[in-house]
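Here is a short briefing on a surface patch and on backbone angles. Look over the model first.

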Amino acid sequence: MDNKKTAILSFIIGGPIGCLGGLIGLGGAEFRLPFLLKTFSKPAKKAVALNMLISLITVASAAYFRINNFDVSVIYPQVILMVAIIIGSITGAYYGIGLLTKISDVLFKKVLLILLLIMGLLLITESFITFGSMGIAFNNLYIEFIVAVLCGLLIGIISSLLGVAGGEVIIPILILIFGIDVKLAGTMSLLISLPTMIVGITRHAKNKMYTVKSEISSLVVPMGISSIIGASIGAFLVIYAPSQLLKILLGGLLVSTSIKLFTEKE
């Protein structure tokens, strides 16, 4: 496939995925990954690295638009919690990507597809559960800080292995463990994701994952731009779409796609 066709197809694919992400409150990276693997025939490690770069474009724009329409002062009391999670997440991302260089492409693809399968099941599960702001009563600030760092490690590892922002994991953790309101959790999730992905991208760059300039110009940029456009449309349509039903359908699609890719012959 030549660069022009790749750019057009990337733009076409990125828009609907961004729209779906905007509708259900995710970046859409989980749904981009199967396309990078199958449609664009990228090796698993390369697909994850490119996915993370596209995710950064999407999340950075989402954070910008969200902060401009959000009372930032409500984040101030949660700064220590965010710092603790970020410390854990950038550590997890750093060592998670280091792990990629030590395992074979075949084994990594299997790990990747199992994680995608789990993400699909999480989407389906979340469609049946309405998370209220719960939280654990931490009686000690130091214990809460350590728990936050450990949660961050998990977030960073998942982010590095899938090339995703990790909102599907971050938001439930903030709500269920730390008792954060769901709307605030969404904004905090974006801010936590940014440094995590920057560390991941830096590591991928050192591993020479971005040396092919045509992949950036004909795949990452068009898909990133169309993802932003799609996400803004999805955010507008969210009041009209049954988000719970969408989560079930998209979760099922992700599960079936993961199984199909997993069972394919190499």
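Eight side chains build a nonpolar patch on the surface of this predicted model: Phe-11, Val-221, Ile-225, Ile-229, Ile-233, Phe-236, Leu-237 and Tyr-240.

**The nonpolar patch**
- Patch residues have over 30% relative accessible area and no salt bridge; nonpolar side chains (Val, Leu, Ile, Met, Phe, Trp, Tyr) are joined within 5 Å, like charges within 9 Å.
- A salt bridge puts a side-chain nitrogen of Lys or Arg within 4 Å of a carboxyl oxygen of Asp or Glu.
- Helix H9 (residues 213–237) gives the most to the patch, with six residues.
- Helices are DSSP runs (H or I, at least four residues), numbered from the N terminus.
- Ile-229 lies in helix H9 and is partly exposed, at 40% relative accessible area.
- Partly exposed falls between buried (under 20%) and exposed (over 50%), with a 1.4 Å probe and protein chains only.

**Positive phi in loops**
- Most residues other than glycine have a negative phi.
- Ser-41 has a positive phi, near 50°.
- Ser-41 is found in the loop between helix H2 (29–38) and helix H3 (44–68), and is exposed at 57%.
- Lys-208 is not a glycine, yet its phi is positive, about 60°.
- Lys-208 lies in the loop between helix H8 (182–206) and H9, and is exposed at 60% relative accessibility.

**Ground rules**
- Residues are numbered from 1 along each chain as its sequence is written, and side-chain values use heavy atoms, without hydrogens and water.
- Local features need pLDDT of at least 70, side-chain atom pairs count only at pLDDT 80 or more, and totals for chains, interfaces and linings use all residues.

Key: Areas by Shrake-Rupley, 256 points an atom, 1.4 Å probe, with all protein chains shown as cover. Helix = DSSP H or I, 4+ residues; strand = E, 2+ residues; numbered from the N terminus.
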